[in-house]
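Here is a briefing on one protein chain. Please look over the sequence and the fold before reading on.

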Amino acid sequence: MHERRTRGGQPKTVFLSGMIDGLSLEDASTWRQRASRVLEDAGFLTYDPTRVMVAAGTEYRARPNEVFTNDRWHLARADVLLVNLTLPPTIESQKAPFFTIGEMFLAHAAGLPILVFGNCFRGRPGYEAIVTRDFDGLEPALQYLIHHYA
């Protein structure tokens, strides 16, 4: 494992953001588990919001205010936001990843780098204004993150 340290000797933390509502737990967590393994092998810490759901099984269901409060708390402690926007080009407005979009704007306001894979919002002015770099897939996003934010 590589030694990657931030100020104060702590490993850098990557917040793993992406749609959870409306997806199966497997769909919401599989990419996060893959990203966590790769990033942790490179010396990073990760925050995976699905970890509590995976540990508790299908019984756990967070309230919206709980999700938003946890998001803000973990974003305040993160160094980089990695976002999965692998969504259909056109999605029903009621299925838009509202918390994910909120996390992106909170991260931008905090000055965090925002790395995205998936192209569903590419070309939209609000997206282009806040995203640091975007990629077509998870693997190139992880390689860029490791190389540029170690």
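The model is predicted. Two helix pairs are described here: α1 with α6, and α3 with α4.

**Helix α1 on its own**

- Helix α1 runs over residues 25-41.
- Its 17 residues should span 24 Å at 1.5 Å a residue, and the end C-alpha atoms of α1 are 24 Å apart, so the two values agree.
- The buried residues of α1 are Ala28, Ser29, Trp31, Arg32, Ala35, Ser36, Val38 and Leu39.
- An α-helix has 3.6 residues a turn, so residues three or four places apart point the same way.
- Which elements cover the buried residues of α1? They include the strands β1 (13-18), β2 (45-47), β3 (80-84) and β4 (114-117), along with the helices α2 (51-56) and α6.

**Packing of α1 with α6**

- Two packed helices are described by the angle between their axes and the distance between the axes.
- Helix α6 covers residues 138-149. The axes of α1 and α6 come within 11 Å and cross at roughly 30°.
- Angles under 35 degrees count as roughly parallel, and α1 and α6 are therefore roughly parallel to each other.
- Their crossing is right-handed.
- On the α1 side, the contact residues are Trp31, Arg34, Ala35, Val38 and Leu39. On the α6 side, they are Leu138, Glu139, Leu142, Leu145 and Ile146.
- This contact between α1 and α6 has eight nonpolar residues, two charged residues and no polar ones.
- Trp31, Ala35, Val38 and Leu39 of α1 meet α6 and are also listed as buried.

**Packing of α3 with α4**

- Helix α3 (residues 64-75) packs against α4 at an angle of about 30°, and their axes are 10 Å apart.
- That angle makes α3 roughly parallel to α4.
- Is the crossing of α3 and α4 left-handed or right-handed? The crossing is right-handed.
- Helix α3 contributes Pro64, Val67, Phe68, Asp71, Arg72 and Leu75 to the contact. Helix α4 contributes Phe99, Glu103, Leu106 and Ala107.
- Seven of these α3 and α4 contact residues are nonpolar, three are charged and none is polar.

**Buried threonines**

- Threonine 13 is found in strand β1. Its relative accessible area is 15%. Buried means under 20%, so threonine 13 is buried.
- Beyond its neighbours within four places in sequence, threonine 13 is in contact with Leu45, Thr46, Tyr47, Arg77, Ala78, Asp79 and Val80.
- Threonine 50 sits in the loop between β2 and α2. Its relative accessible area is 0%, so threonine 50 is buried.
- Which residues does threonine 50 contact, leaving aside its neighbours within four places in sequence? They are Ile20, Leu25, Ala28, Ser29 and Arg32.
- Ala28, Ser29 and Arg32 are themselves buried residues of α1.

**Partly exposed residues**

- Asparagine 70 lies in helix α3. At 32% relative accessibility, asparagine 70 counts as partly exposed.
- Asparagine 70 and glutamate 59 are 11 residues apart in sequence, and their C-alpha atoms are 19 Å apart in space.
- Glutamate 92 lies in the loop between β3 and α4 (98-109). Its relative accessibility is 45%, so glutamate 92 counts as partly exposed.
- Glutamate 92 and glycine 137 are 45 residues apart along the chain, with 23 Å between their C-alpha atoms.
- Glutamate 128 belongs to helix α5 (residues 125-130). Glutamate 128 is partly exposed at 44% relative accessibility.
- Not counting residues up to four places away in sequence, glutamate 128 touches Arg122 and Gly123.

Conventions
Residues are numbered from 1 along each chain as its sequence is written. This is a predicted model: local features need pLDDT of at least 70, side-chain atom pairs count only at pLDDT 80 or more; totals for chains, interfaces and linings use all residues. Side-chain values use heavy atoms; hydrogens and water are left out. Axes are lines fitted to C-alpha atoms, for helices over the stretch in contact, and angles run from 0 to 180 degrees between N-to-C directions. Helices (H or I, at least four residues) and strands (E, at least two) are DSSP runs, numbered from the N terminus. Angles under 35 degrees count as roughly parallel, over 145 as roughly antiparallel, 65 to 115 as roughly perpendicular and the rest as oblique. A crossing is left-handed if the near helix is turned anticlockwise from the far one by less than a right angle, and right-handed if clockwise. Contact means heavy atoms within 4.5 Å. Ala, Val, Leu, Ile, Met, Phe, Trp, Tyr, Cys and Pro count as nonpolar, Asp, Glu, Lys and Arg as charged, and the others, Gly among them, as polar. The expected span of a helix is 1.5 Å times one less than its number of residues. Buried means under 20% relative accessible area, exposed over 50%, partly exposed in between (1.4 Å probe, protein chains only).
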